[in-house]
Amino acid sequence: MHIQKHQIGEKQIAEVIAEEVLIHTAEDGLDVMGSLYFQGFDKIILYEKQLSPTFFDLQNGMAGEVLQKFSNYRMELAVIGDFSKYDRKSVKDFIFESNAGHRVNFVASLDEALR
């Protein structure tokens, strides 16, 4: 795992660079977030491929638990990927509702994530 640092105004943003899945469990999400939080980052950018496919199986509660941790710590998260492949209404609604807020966003590009 490598961290690409971005600075926008006063915000320190960590873009996580890794080819492998980093978040297999909610605890993994907390570990990544906690490590970057204590390094002074205000926002984290992850890529969809860094999340276990079970993240998008909303029945297991993992996505909600991970996102709740980010919300509790007031850490912003952007996940970059192609989310059009998720055809279940519950996943589409989850992404839509997340994007309606300010804490967690699912986006298509790094430019969108940095905004």
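This tour walks through the model from the sheet to the helices and then the cores.

**Before you start**

The model is predicted: local features need pLDDT of at least 70, side-chain atom pairs count only at pLDDT 80 or more, and totals for chains, interfaces and linings use all residues. Residues are numbered from 1 along each chain as its sequence is written, and side-chain values use heavy atoms, with hydrogens and water left out.

**Stop 1: the sheet**

Show the strands. Helices (H or I, at least four residues) and strands (E, at least two) are DSSP runs, numbered from the N terminus. Five strands make an open sheet of mixed pairing, in the order β1-β2-β3-β4-β5. Two strands pair if DSSP finds at least two bridges between them. β1 (2–8) and β5 stand at the edges with a single partner strand each, so one side of each has no neighbour in the sheet. From one strand to the next, the twist averages 20 degrees. Here axes are lines fitted to C-alpha atoms, for helices over the stretch in contact, and angles run from 0 to 180 degrees between N-to-C directions.

**Stop 2: along the sheet**

Select β1 and β2. They run antiparallel and are joined by seven bridges. Pick His-2; its bridge partner in β2 is Ile-17. Now go to the hairpin of β1 and β2, with two residues between the strands: Gly-9 takes a positive phi near 60 degrees there.

β2 and β3 run parallel, joined by three bridges. Ala-14 stands opposite Ile-44 in β3. Four of the five residues of β3 are buried. Buried means under 20% relative accessible area, exposed over 50%, and partly exposed in between (1.4 Å probe, protein chains only).

β4 (residues 76–80) pairs with β5 in the parallel sense over four bridges. Ala-78 has Asn-105 in β5 as its bridge partner.

**Stop 3: helix α1**

Select α1. Its twelve residues should span 16 Å at 1.5 Å a residue, and the end C-alpha atoms are 16 Å apart, which agrees. The expected span is 1.5 Å times one less than the number of residues. Colour Ala-26, Gly-29, Val-32, Met-33, Gly-34 and Leu-36: they are buried. The buried residues of α1 pack against β1, β2, β3 and α2. Contact means heavy atoms within 4.5 Å.

**Stop 4: helix α3**

Select residues 89–100. Which residues of α3 are buried? Val-91, Phe-94, Ile-95 and Ser-98 are. They lie on the same side of α3, because they cover an arc of only 95 degrees around the axis. The arc is that of the directions from the helix axis to the C-beta atoms. Their cover includes α2 (62–72) and β5 (104–107).

**Stop 5: the cores**

A nonpolar core is a set of buried Ala, Val, Leu, Ile, Met, Phe, Trp, Tyr and Cys residues joined through side-chain atoms within 4.5 Å. Select Ile-44, Phe-55, Phe-56, Leu-77 and Phe-106; of the 30 residues in the largest core, they touch the most other members. α2 gives this core its largest share, five residues. Centre on Phe-56. Leaving aside neighbours within four places in sequence, Phe-56 is in contact with Glu-48, Leu-51, Phe-83, Tyr-86, Val-91 and Phe-106. Finish at another core, apart from the largest one: its seven residues include Ile-45, Ile-80, Val-107 and Ala-113.
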